Amino acid sequence: MRSLLKYIKNYKKELILGPFFKLLEAIFELIVPVVMAKIIDNGIGNNDKEYILKMCGLLVILGVCGLGFALTCQFLAAKCAYGFGTELRADLYKHINSLSYSGIDRMGTASLVNRLTNDTNTVQNGVNMFIRLAVRAPFLVIGAAIMAVMIDLRLSVIFFIVAPIISAVIFLIMRKTVPMYKKTQQKLDRASMLTKENLEGTRVIRAFSRQQEEIDEFKTAVDDIAECSVAVGKISAILNPAAFMIMNLGIVAILWFGGIRIDSGSLTQGELTAFTNYMTQILLALVVLANLIITFTKAFASANRVREIFNIRPEEKGNVKLADKDCDTIIEFRNVSFSYPGAGDKSLSGISFSLKKGQILGIIGGTGSGKTTLANLIPCFYKAAEGDVLISGINVKDYDPDALRKIIGYVPQKAVLFSGTVRDNMKWRKENASDDEIISALKTAQAWDFISAKPDVLDSTVSQGGKNFSGGQKQRLSIARALVGQPDIIILDDSTSALDYATDLALRKALKNDMEKSAIVMISQRTTSLKDANLIIVMDDGEAAGMGTHDELLNNCSIYREIYQSQISEKEGGSNV
């Protein structure tokens with residue numbers, strides 16, 4: 001929690017003045033029983049109506065002033081807490097966006113979302129409650145005890161018997177419930193993960209008619225949260241009845257022994273009333289203090305979860321801003337190996353090759369063979385564990401990541417579009433791209449035909465996730481977005497899988513003609529898509545099982561030959577695709 005206090009530095013005034021006004025309210029609250037005692041002893045006892053009215057006026061003034069102080073404190077607490085929460089969330093979101101792929105993989109998307117929303121709200125609530133009650137509750141307990149001692153030292157012994165008993169009850173209940181609150185937060189992570197998976201995969205779920213199974217799984221997850229919450233609630237529910245029972249017994253003892261003290265003339269009726277009020281104040285303050293401690297416990301648990309994200313180091317940045325334009329070899333791998341964090345086996349092992357400007361690199365292999373992993377090392381989404389990945393003769397680790405990725409056009413396996421317009425999506429790689437550049441990229445990606453047919457053309461709406469386009473259209477738009485601005489390197493990670501053979505052929509021809517100065521890395525499951533590549537790498541279990549051109553691999557690589565023969569049909573065999 002301490003590491004997050006820097007976000008409160010802009011609200012020091014509210015942090016100081018808020019508790020101060022709450023302290024004034026508590027002082028006025030402690031004065032009220034004394035005034036009540038005066039009304040009973042001097043006003044009612046002497047039948048002095050004028051005195052009673054005067055003291056009742058004083059009570060009203062105390063109440064109005066207390067209300068004013070309370071409202072002022074509430075305003076200051078809200079301003080401080082919500083300002084703190086806003087700055088914390090903004091910085092946390094910025095930090096998450098600075099993390100490498102490895103950092104994001106370490107936490108998981110669902111947990112990151114839950115910590116960014118639910119946990120920051122819990123910490124924010126902790127700050128709010130601290131300003132409002134952290135000073136008031138302890139001050140009321142101590143102040144009420146002092147006032148009671150000042151009224152009657154002997155009778156105040158009952159306070160010092162009852163208060164520890166109530167405190168022990170609070171401690172035992174908290175000892176049981178605090179670990180359960182932490183478990184509830186963990187269960188929320190799982191519910192968030194299931195929510196994300198189900199909403200993203202809703203089409204797949206419906207395609208397999210798995211709605212009921214997913215509903216049942218989600219119900220189990222939220223039932224776990226409810227079960228844990230109910231268990232905590234049952235234990236916490238003991239607090240108020242137990243505390244009030246002990247308090248009422250204490251009040252009975254006060255009235256019993258206080259009556260004796262009144263008979264002996266050592267205590268007045270007004271003082272006994274004040275004494276009873278202070279007893280009630282102490283109890284209520286202890287209950288509030290218990291709830292406050294529970295709130296702080298939740299806040300500390302959530303603060304630790306938020307701090308875990310901040311403890312993940314952001315993506316390391318090199319100093320190189322510009323690639324060497326005179327270097328003919330644009331991509332080079334030198335004995336590169338890589339393994340994912342926590343994985344036992346290497347995902348890549350001993351990969352070496354080089355690619356010059358204007359050349360095409362094809363990567364093919366079975367599922368899980370390391371194709372995408374290899375491609376992800378080029379823009380430095382992950383860093384090689386062994387060996388060197390060079391772009392224009394410079395190690396990718398030495399590049400500034402933003403500068404490196406500006407010369408790379410990347411198209412992931414899953415086509416991702418963002419809500420807005422076609423023009424908005426096309427400007428992601430180059431913000432100041434002209435309409436001519438965008439149209440040129442759309443034509444190369446074979447997307448201009450269906451975009452130009454729309455009434456709004458480049459201003460056509462793209463719904464969330466591009467759901468108003470077909471799978472093939474989304475892939476072509478994703479490719480066009482990567483081509484805007486003529487990047488030095490283009491990575492197509494199996495991004496033509498939804499295209500028919502004719503469109504695929506037209507795309508490859510357009511890439512060869514329009515992007516002749518760019519190095520193209522093309523991952524594909526189709527050997528026909530890679531026939532014209534200058535170099536093809538056949539991946540098998542993280543290793544390069546073969547390297548060469550299409551014809552060379554047919555002669556000397558059995559894995560490539562098997563893939564090719566399994567894909568040949570009479571139609572393909574008789575075509576030039």
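The model is a predicted one, in which local features need pLDDT of at least 70 and side-chain atom pairs count only at pLDDT 80 or more, while totals for chains, interfaces and linings use all residues. Residues are numbered from 1 along each chain as its sequence is written, and side-chain values use heavy atoms, with hydrogens and water left out.

Let's begin with charge. Side chains of opposite charge can pair when their charged atoms come close. A salt bridge here is a side-chain nitrogen of Lys or Arg within 4 Å of a carboxyl oxygen of Asp or Glu. The structure holds 16 of these salt bridges. In one of them, the side chains of Glu-14 and Lys-79 meet at 3.3 Å, N to O. Glu-14 sits in helix α1 (residues 12-44) and Lys-79 in helix α2 (residues 49-98), so this pair ties together parts that are 65 residues apart in sequence. Helices (H or I, at least four residues) and strands (E, at least two) are DSSP runs, numbered from the N terminus.

How open are these two residues to their surroundings? Buried means under 20% relative accessible area, exposed means over 50%, and partly exposed lies in between (1.4 Å probe, protein chains only). Glu-14 is buried at 5%, and Lys-79 is partly exposed at 41%.

Another pair is Arg-423 and Asp-459, whose side chains meet in a salt bridge at 2.3 Å, N to O. Arg-423 lies in helix α13 (residues 422-426) and Asp-459 in the loop between α15 and β8 (461-462), so parts 36 residues apart in sequence are tied together. Arg-526 also forms a salt bridge, with Asp-504, and their closest N and O atoms are 3.2 Å apart. Arg-526 belongs to the loop between β10 (519-523) and β11 (535-540), and Asp-504 to helix α17 (residues 501-514), so the pair ties together parts that are 22 residues apart in sequence. Arg-526 is buried, at 16% relative accessibility, and Asp-504 is buried too, at 0%.

Salt bridges can also share partners, and in this way Lys-22, Glu-25, Glu-29 and Arg-136 are joined into one network. Arg-136 is in helix α5 and is buried, with a relative accessible area of 15%.

Now look at how two helices meet. The axes of helix α4 (residues 109-133) and helix α10 (residues 269-311) come within 8 Å and cross at roughly 140°. The contact includes Leu-112 and Phe-130 of α4, and Leu-292 and Phe-296 of α10. Contact means heavy atoms within 4.5 Å, and axes are lines fitted to C-alpha atoms, for helices over the stretch in contact, with angles from 0 to 180 degrees between N-to-C directions.

Next come two loop residues. Most residues other than glycine have a negative phi. Gln-446 is not a glycine, yet has a positive phi of about 60°; it is found in the loop between α14 (435-444) and α15 (448-452). Gln-486, also not a glycine, has a positive phi of about 50° and lies in the loop between α16 (471-483) and β9 (489-493).

Glu-227 and Thr-184 are 43 residues apart along the chain, and their C-alpha atoms are separated by 9.3 Å. Gln-567 and Gly-270 are 297 residues apart in sequence and 99 Å apart in space, C-alpha to C-alpha.
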